[in-house]
Number of protein chains: 2
Amino acid sequence: MAQKVKLSTIAETLGVSTATVSLALRDSPLVAAVTRDRIKEQARALGYIYNRRAASLRTSRSGIIGVVVHDIMNPFYGEILKAIESELDRDRQTFILSNHYDSVEKQRNFIETLLQLGGDGVIMSPAIGTPPEDILLAEDNGMPAILIARSIEGLDVPIFRGDDAYGISLATNHLIGLGHRVIAMVGGTDQTSTGRDRYQGYVNALRKANIEVDPGLRIPGPRSKQGGFEAAVHFLSLPQKPTAAVCWNDLVAIGLMNGIARAGLVPGRDVSVTGYDDLEEASIATPSLTTVWNGQSEVGRSAARALLDKLAGSHKPDGIHLIKPEMRIRQSTGPLKINGINGHSGHDA
Amino acid sequence: MAQKVKLSTIAETLGVSTATVSLALRDSPLVAAVTRDRIKEQARALGYIYNRRAASLRTSRSGIIGVVVHDIMNPFYGEILKAIESELDRDRQTFILSNHYDSVEKQRNFIETLLQLGGDGVIMSPAIGTPPEDILLAEDNGMPAILIARSIEGLDVPIFRGDDAYGISLATNHLIGLGHRVIAMVGGTDQTSTGRDRYQGYVNALRKANIEVDPGLRIPGPRSKQGGFEAAVHFLSLPQKPTAAVCWNDLVAIGLMNGIARAGLVPGRDVSVTGYDDLEEASIATPSLTTVWNGQSEVGRSAARALLDKLAGSHKPDGIHLIKPEMRIRQSTGPLKINGINGHSGHDA
């Protein structure tokens, strides 16, 4: 199998970073002219062919599309992947998958492998801290990239994701409408665009309702059931005695409800809990979960479609395509109880 | 990228099946001599190189290993995949993933793509109805296969899976020990080796305890939470009034518990429920799930190790390597209630 010369090979032989090589080959002023020349010479020597936007020039396609996300075991990504897969299947494309677990290096290895395999394109939910150069590495080698779920600043590629700030404000407003005033936000991180947007949506909704924002009510943590389950102890012992929780996602919400139930309280009656995503599981949880539909299937379908269209020569405008979330009201939220606002103080197991 | 000639190309140009081509090239007496010669001639004409056990002769490796399972969104496979991934990572292998959703055709496409990409090996949980020829297609092209979770008759490849019959008998015996006599088996199919073994384990345990086996207590169904949730209505309306359920897996068990709770009953008190697999989620479910540890991480790690060893030249004996399951007793099972054996008759919602 003929191997393409990789940017990393050029980088290694010269002792510079892959990003520097990528920038140099694109004549970026960020790289000193002398280094730029040295890199270009080496690239030529190694037989590296630099094709800017080469995708449009390609005559043959491998039929391989790569997809890389944080963790395919997270059903949020699972539901997106199912939609991507069914769209690609209709087009007889092979899709190959990888997790990056928020390791920029693992993600870069995957992109380089994909280039080596002659991949046609890549759909990715970028790892935390992904430098724009790593996406350009794909693009500049003729392999267009489409982003899902997370944005990266300063990149001209299509991005498909839900409107997180708006979505979380729907959940927060729903709780405020039920009379809750002390509302915690549980799970997640501020290191991703999603995280920052969700926290902002929560803050904005509280402010609009003239409720003071208390940073002590923010309980960050893993975006998993285990994370939600473990946060229950913290949540139930907060001195502010929250009566409701806006959770990062459905997994955290289901875990938190399990933890709350384990402490002898009834979620939906003693404590109101909202999720985010509307996973298939949300409606069969007990109590069924009030949550925000985040359009996973729409994100997956649109991203796959955009990539296939791009490969076929037509161009969807770059930039962010926001999918508008919708509220799904079920049993895990209820009106604030007048007596014993924080009914759980007496029940702790 | 140079493409290998595929068995399917030879098959298509001659109008025969891929399996026939594979058999003919292996001089199988199942293919008529005249057809065999025609196929071999065509293979030569197309430049196909037949390498029996070519893996051991290979001088260069691509570092790519394929993994194909029923559905990566099922956390049972997710946990196996995580173990495979971490083992391959240590060896700097790239792994590419696919679902087959029990489509033999989708699985075959994946194997052929992998051959085209120069894959070093494949780890697979074979689709229902996989003919041995499809595995030989990989093996005969120098890409060794390792099976996980499911067996296929008549194949000389290593298989790593749990001892399903023994595992289910542990769960059934646990319930019998708690005094239960009317025990349903919920979820799953008899179309896989796993399915047949699990049903047999349940039947054997009942017989050993002199409990009559009632086929009406077998509720087959999807191996998902949704499947378990939907089975609750059927389970609760059975005229035999079962007091316990042995579930196909943890997903079915958690779904069933949700359905039972929705009907106003308390799982673990009114109805005892066992799972299978001991997924991460089992211990944080409410009530926490009594289940059988099925060694997913052990299956994944061993399968990856066996493949890497094989690629490195050493040979693990072919055949089935059974991982011994273990009981995990938690809150979802309890002693048979003396009064109102079938306590749920009065509570149905």
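Q: Why does B:D277 count as buried?
A: This is a predicted model. Buried means under 20% relative accessible area. B:D277 has 3% relative accessibility, so it counts as buried. B:D277 sits in the loop between β9 and β10 of chain B.

Q: Which other residue has a positive phi without being a glycine, and where does it lie?
A: B:A149 is one, with phi near 70°. B:A149 belongs to the loop between β4 and β5 of chain B.

Q: Is B:A149 buried or exposed, and how do you know?
A: The cut-off for buried is under 20%. B:A149 has a relative accessibility of 8%, so B:A149 counts as buried.

Q: How do you know that the bond between B:T286 and B:P287 is cis?
A: Look at omega: for the peptide bond joining B:T286 and B:P287 it is about -5°, and the bond is cis. B:P287 lies in the loop between β9 (272–274) and β10 (291–293) of chain B.

Q: What kind of peptide bond joins A:T286 and A:P287 in chain A?
A: That bond is cis, with omega about -5°. A:P287 is placed in the loop between β9 (272–274) and β10 (291–293) of chain A.

Q: What makes β4(B) and β5(B) a pair?
A: The cut-off is at least two bridges. Two bridges join β4(B) to strand β5 (residues 158–162) of chain B, and the strands run parallel. B:I148 stands opposite B:F160 in β5(B).

Q: Which elements make the right-handed β-α-β unit?
A: The unit is made of β3(B), helix α6 (residues 132–140) of chain B and β4(B).

Q: Which way do the residues of β4(B) point?
A: In strand β4 (residues 145–148) of chain B, B:A145 and B:L147 point one way, while B:I146 and B:I148 point the other way. All four are buried. In a regular strand the side chains alternate between the two faces of the sheet.

Q: Which residues touch the most other members of the largest nonpolar core?
A: That core has 64 residues. A:V122, A:I135, A:L147, B:V122, B:I135 and B:L147 touch the most other members. Beyond its neighbours within four places in sequence, A:V122 is in contact with residues including A:F110, A:L114, A:M143, A:I146 and A:L307. A second, separate core has 54 residues, among them A:F95, B:F95, B:I123 and B:A303. In soluble globular proteins, nonpolar side chains tend to be buried together.

Q: Where are the domains of chain A?
A: Domain 1 covers 7–50, domain 2 covers 64–162 + 297–323, and domain 3 covers 164–294. The C-alpha centres of domain 1 and domain 3 of chain A are 47 Å apart.

Technical notes. Residues numbered from 1 in each chain as written. Chains lettered and ligands numbered in written order. Predicted model: local features only at pLDDT ≥ 70, side-chain atom pairs only at ≥ 80, totals over all residues. Heavy atoms only, no water. Core = buried A, V, L, I, M, F, W, Y, C linked by side-chain atoms within 4.5 Å. Buried < 20%, exposed > 50% of the residue type's maximum accessible area, 1.4 Å probe, protein only. Contact = heavy atoms within 4.5 Å. Right-handed = clockwise from strand over helix to strand, strands pointing away. Domains from an automatic or database assignment.
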